[in-house]
Amino acid sequence: MRVNVDLKSPSLNLSGDSNVTLNYKKDDRNFITQVFAAQLPAIQTGFFNAHLSKDVIVQPHWHTNATELVFVISGEVITSVFDPFTQKLLSYRLKPGQVSQFPKGWFHWIVALTDYTHILTIFDVPTPDIVYGSDFLRFIPKEILNLAYCVNEEEYAKAVAPIQESVILGPPPGCIRVPDEVGSSYPQPVPITSVMSGYPNYSGYPSYGAQSGMPNSYINYGYGQNNTSY
């Protein structure tokens with residue numbers, strides 16, 4: 001939704017500070033601030049200002065009303081988006097000055113590959129909606145998953161039990177577990193980039209220039225559980 005602002009008003013304000021309004025904070029090195037219509041009524045776009053450490057992920061989610069552009073200021077990230085038309089996952093490794101786009105309604109996520117990563121995620125509307133994958137997982141009834149996909153109800157309930165809220169920046173401490181060669185799991189946390197490096201063709205993720213061919217958790221324009229100012 002775009003906000004109608006009187007550009008002839010003597011009190012018109014066309015400036016803002018993207019460091020002021022905190023959207024979500026994982027710790028002192030991983031947090032997101034923002035500028036949207038709530039902070040700057042005249043804005044016709046809007047963005048998140050995200051600071052991330054290595055292996056931190058902006059959790060899988062999608063936007064019902066907005067296209068998103070990721071711009072890397074410092075550090076390095078992998079952005080991934082699911083193309084619903086080709087049924088393929090498109091992943092791009094980005095460095096400073098490079099961008100990737102998430103079309104409206106497409107499921108996507110971002111993984112930081114270095115410490116002190118700084119990105120902007122820019123939207124084409126001043127008030128974007130968001131639906132978190134974690135909310136989808138924790139609110140969908142286990143019986144529905146069984147009916148739709150033959151997923152074991154109790155195993156699914158156990159698997160999603162740790163997801164008690166929208167964890168916008170993951171992973172939660174100590175919660176990553178990956179399968180070993182015989183199908184069990186390691187009890188210790190494993191860095192996401194270590195896990196991903198074991199995937200087939202991980203080193204072949206296209207970089208910039210090499211591309212081939214719940215309920216809604218929206219709260220006060222911030223979507224998160226920690227909408228405060230600092």
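Accessible areas here come from the Shrake-Rupley method with a 1.4 Å probe, and for residues only the protein chains shown count as cover. On that basis, the accessible surface of this protein comes to about 12700 Å². Carbon and sulfur atoms hold 57% of that.

Some ground rules. This is a predicted model: local features need pLDDT of at least 70, side-chain atom pairs count only at pLDDT 80 or more, and totals for chains, interfaces and linings use all residues. Numbering starts from 1 along each chain as its sequence is written, and side-chain values use heavy atoms, with hydrogens and water left out.

Next, the overall build. The protein has four helices and 13 strands. Both are DSSP runs, numbered from the N terminus: helices are H or I with at least four residues, strands are E with at least two. There are 230 residues, and 38% of them count as buried. Buried means under 20% relative accessible area, exposed means over 50%, and partly exposed is in between, with a 1.4 Å probe and protein chains only.

On to the rings. The whole structure has seven aromatic pairs. Rings of Phe, Tyr and Trp (its six-membered ring) pair if their centres lie within 6.5 Å; planes under 30 degrees apart are stacked, over 60 edge-to-face, the rest tilted. Take Phe36 and Phe48. They pair edge-to-face, 4.9 Å centre to centre, with 80° between the planes. Phe36 sits in the loop between strand S2 (30-35) and strand S3 (47-52), and Phe48 in strand S3, so the pair ties together parts twelve residues apart in sequence. Phe36 is buried at 0% relative accessible area. Phe48 is buried too, at 8%. Elsewhere, ring pairs link Trp62, Phe107, Trp109 and Phe136 into a cluster.

Now charges. How many salt bridges does a search of the whole structure find? Five. The criterion is a side-chain nitrogen of Lys or Arg within 4 Å of a carboxyl oxygen of Asp or Glu.

One of them joins Lys25 and Asp28, closest N and O atoms 2.9 Å apart. Lys25 is partly exposed at 39%, and Asp28 is exposed at 63%.

Another joins Arg138 and Asp135, at 2.8 Å. These two are three residues apart in helix H1 (residues 133-139), about one helical turn. Arg138 is partly exposed at 26%, whereas Asp135 is buried at 0%.

Then Glu154 and Lys142, at 3.0 Å. Glu154 lies in helix H3 (residues 153-160) and Lys142 in helix H2 (residues 142-149), so this bridge ties together parts twelve residues apart in sequence. Lys142 is partly exposed, at 26%.
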